[in-house]
Amino acid sequence: MKSRLTIAQKLTVHAALLCVCLAFVFPFAWMVSTSLKPLEQTQELVPSLVPRPAQPQNYGEVITHPKMKFPLFARNTLVIALLCVVGTTLSSAFVAYGFAKIEFRGRGVLFAIMLATMMVPFPVTMVSMFAIFRWMGEHGLGNWLGTFRPLWVPAWFGSAFSIFLLRQFFRTLPVDLSEAARIDGCSEFGIFLRVILPLSKPALAVVALFTFMAVWNDFLGPLVYLQDQEQYTLALGLQTFQSQHEGTEWNLVMAASVLILAPVLLLFFVAQRSFIEGIATTGMKG
Amino acid sequence: MTRGEWKRLATGLTFLSPWIIGFLFFMAIPICLSFYYSLTDFPLLREPVIIGLDNYAELLWRRNETGGIGDPVFYKSLWNTFFYAAMALPSGLLLSLALALVLNLGVKGQSIYRTLIFLPTLVPMVASAMVWMWMFNTRLGVINSMLRSIGIEGPGWLTETQWAMPALVFMSLWGVGHTVIIYLAGLQDVPAALYEAAEIDGAGTWARMRHVTIPCISPVIFFNLVMGIIGTLQVFAIPYIMTGGGPARATYFYTMYLYDNAFQYLKFGYASAMAWIQFLIILVLTGIAFWSSKRWVHYQGG
C-alpha cells in the first residue's frame with residue numbers, strides 16, 4: 001500500500017514501531033545482560049540492565065561445567081542436524097522432481113496423500129514408532145532406541161514440507177531446458193542432476209536452512225527417543241541442566257541459552273533473504 | 001495405458017520411491033499400528049491385549065470415581081489446550097496483521113523493524129522458555145521488578161493458577177514475527193489498481209482496508225488460521241519446560257498428558273487413543289476452517 005503519509009503520520013508510525021520493536025528485542029537484551037552478571041547480581045530485587053562488572057567468564061564456565069556437557073551436546077546436535085540437512089535436501093529434491101516434472105498416472109493422488117500427511121500430529125506416530133523401535137531392538141532387528149537413528153533416518157526419505165516447497169519451485173523452471181536435454185538423449189535422472197539441481201540453489205538453500213532450524217529446535221523428538229545423557233542434544237541438555245538445579249544459577253542458564261541461540265542468529269544474518277523468501281512462499285502458495 | 005504412460009509411471013515412481021518407502025515405514029505402518037494400539041491395553045512391557053473401545057470409553061464417557069464422566073485429567077488438558085488456542089490464536093493473528101499493515105506503509109527503515117520483530121521466532125524453544133521463565137520469576141524476574149518499581153506487587157506468573165496460562169499466552173505473542181512475514185508477502189500482492197479505484201470512489205483508509213485489503217489477503221489469513229489451529233493443539237515443549245503442567249495442572253496441555261500416559265505411566269494404548277482423538281479434532285477444526293473459508297476467502301483471478 002503505497003500511501004502518501006503526512007509527516008505527523010510518519011512520526012506516529014515510527015514511534016509505534018519503535019515501541020513494539022523495543023518490546024520484542026528486550027528479552028534478548030535481558031538474556032545477554034543476565035548471562036554476563038556475577039551470581040549475586042542476578043539475585044538483586046531491583047536488577048539493572050547493565051552488569052557490573054561484566055563477567056564473560058560465565059560462558060567459559062558453562063562450556064566446562066561438569067553437570068552440563070555443553071561441547072558434547074553441541075556435537076550431538078550438529079551431527080544430527082548435518083545428517084538431516086543433507087538427507088532432507090537430497091531426498092526431497094529427488095522426490096519433488098518426480099512430482100513436478102514427470103507426468104504419470106496417479107501422481108495427483110499421491111501428491112494429495114503426501115500433503116495430507118502434514119496434518120498428522122506427531123503424537124500419533126510417536127507412540128507407535130517408539131513401540132516399533134523397541135520391538136525391533138528386542139528381536140535383534142537393529143538398535144534404534146538409544147541411538148540417533150530415529151532422529152535422522154526418516155529425513156533421508158523426504159520431508160513432506162520440503163517436497164512441497166521444492167515441487168512448487170521446480171514447476172516454475174522453464175520446460176525448454178529439460179526438453180532440450182531430453183532431446184539430446186539425457187535420462188530423467190541426468191536432467192534432474194545437471195539441469196534442474198544447479199538452477200535450484202536458492203530453493204535448496206531454503207530447505208537446508210529450515211531443516212537445520214527444525215533440528216536445532218527439536219525437543220519432543222530427542223526427549224522421546226534419546227535415553228542416554230551422553231546423547232542428549234543441546235535443547236534436551238539445557239532443559240535437564242536447568243530443571244535439576246533448584247535455585248538455579250540463572251546467569252549460567254542465560255549464558256547457555258545465548259550459546260544455543262547464537263548459531264541460529266548467525267545463520268539468519270548470513271542467509272537472510274533465503275529465510276524471508278522461504279517463509280513468504282509457504283504462506284503464499286499454500 | 002500406452003507404452004509411454006507405463007514408462008512415465010515407472011520413472012515417476014522411481015523418483016517417488018524414497019518418499020513411498022518412508023511413507024510406508026514412518027507414516028502408514030505407525031498410523032495403523034497406533035490405531036490398533038488405541039484399541040488395546042498395552043503397558044509396553046507386556047504384549048498388547050485388545051480391549052475394544054475401552055480406552056476411548058475411559059477417556060470420554062465412562063463414569064469415573066468422582067461421579068463425572070470420562071477422565072477428568074483428559075478433559076482438563078483438553079480444556080487448557082482449547083483455552084490457550086482461543087486466547088493465543090486470535091490475539092496473535094490480530095497483532096501480526098496489525099504489525100504487517102503498519103510495516104506495509106512503507107516508512108523508512110521498515111526492513112530493520114521487520115527483522116527485529118521476526119528475530120524472536122528464530123529462538124530455539126528451549127532458550128525462549130529459559131529467558132521467559134527468568135523474566136516471569138516471581139521474586140527476581142524483571143517483569144515483577146519493573147512492577148515493583150511503580151509500586152505494584154506482581155503475582156507469581158508461573159506459580160499461581162490464574163496467571164500461569166495468561167502468562168503463556170502473553171509469551172506466545174513474542175513469536176508473531178513469522179506470521180507477520182507471511183502477511184507482508186500477501187499484502188504486497190494486493191494490486192495497487194484496486195486501491196486506486198477505491199480511492200477514486202471516495203473510500204477512506206478504513207474503508208479501503210475493509211473492502212480491498214482484507215478480502216485480497218483473506219487466503220493468507222485463512223492459511224495462518226489453519227496452521228495456527230494445527231500448531232496450538234500440539235503445544236508441548238514450552239509448558240513442559242516452563243511449568244511442567246502446573247501449578248495444579250493449570251498449564252497441563254493435551255500433548256503433555258499424552259506424553260505422560262505413554263512414557264510415565266506406560267499406558268501406550270491409552271496414549272494412542274488420545275493421539276487419535278487429537279487427530280480427529282484437528283481434522284474437524286481444519287474442515288470447519290476450510291468450509292467457512294468459502295464464505296470469506298476470495299482468491300484472486302477467480
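B:Pro30 has its place in helix H1 of chain B, helices being DSSP runs of H or I with at least four residues, numbered from the N terminus. This is a predicted model, in which local features need pLDDT of at least 70 and side-chain atom pairs count only at pLDDT 80 or more, while totals for chains, interfaces and linings use all residues. Residues are numbered from 1 along each chain as its sequence is written, with chains lettered from A and ligands numbered from 1 in the order in which they are written.

B:Pro30 counts as buried because 22 other C-beta atoms lie within 10 Å; the cut-offs are 20 or more for buried, 12 or fewer for exposed, and partly exposed in between, with C-beta atoms placed from the backbone. Leaving aside neighbours within four places in sequence, B:Pro30 is in contact with A:Thr125, A:Ser128, A:Met129 and A:Ile132, contact meaning C-beta atoms within 7 Å. Its C-alpha atom is separated by 44 Å from that of B:Gly141, 111 residues apart along the chain.

## Confidence

The model has an ipTM of 0.87 and a pTM of 0.88. The mean pLDDT, the predictor's confidence in each residue from 0 to 100, is 87 for chain A, where 95% of residues reach 70 or more. Chain B averages 89, and 99% of its residues score at least 70.

Within chain A, helix H15 (residues 272-284) has the lowest confidence, at a mean of 67, and H4(A) the highest, at 94. Where pLDDT is low, the predicted coordinates should not be read in detail.

## The contact between the chains

Chain A contributes 76 residues to the contact and chain B 74 residues. On the side of chain A that touches chain B, the largest share is the 13 residues from helix H1 (residues 7-35) of chain A. That side of chain A has 53 nonpolar, 17 polar and six charged residues; Ala, Val, Leu, Ile, Met, Phe, Trp, Tyr, Cys and Pro count as nonpolar, Asp, Glu, Lys and Arg as charged, and the others, Gly among them, as polar.

A:Leu17 lies in helix H1 of chain A and is buried because it has 22 C-beta neighbours inside 10 Å. Apart from residues up to four places away in sequence, A:Leu17 touches B:Val102 and B:Tyr113.

## Helix H4(A) against H1(B)

The axes of helix H4 (residues 70-101) of chain A and helix H1 (residues 3-38) of chain B come within 8 Å and cross at roughly 145°. Axes are lines fitted to C-alpha atoms over the stretch in contact, and angles run from 0 to 180 degrees between N-to-C directions.

From H4(A), A:Ser91, A:Phe94, A:Val95, A:Tyr97 and A:Gly98 meet B:Gly12, B:Phe15, B:Leu16, B:Pro18 and B:Trp19 of H1(B). By class, the residues of this contact are seven nonpolar, three polar and no charged.

## Cores and helix H13(A)

The largest nonpolar core has 118 residues, and B:Val126, B:Met130 and B:Val180 have the most contacts inside it. Such a core is a set of buried Ala, Val, Leu, Ile, Met, Phe, Trp, Tyr and Cys residues joined through C-beta atoms within 7 Å. Helix H5 (residues 125-136) of chain B gives the most to this core, 11 residues. A second, separate core of 32 residues includes A:Tyr97, A:Phe99, A:Ile163 and A:Ile196.

Helix H13 (residues 234-243) of chain A is mostly covered, with eight of its 10 residues buried. The cover over these buried residues includes H4 and helix H14 (250-270) of chain A together with H5 of chain B. Not counting residues up to four places away in sequence, B:Met130 touches A:Leu238, A:Gln242, A:Val253, A:Met254 and A:Ser257; A:Leu238 and A:Gln242 are among the buried residues of H13(A).

Technical notes:
Two residues are in contact if their C-beta atoms, placed from the backbone, lie within 7 Å. Helices (H or I, at least four residues) and strands (E, at least two) are DSSP runs, numbered from the N terminus.
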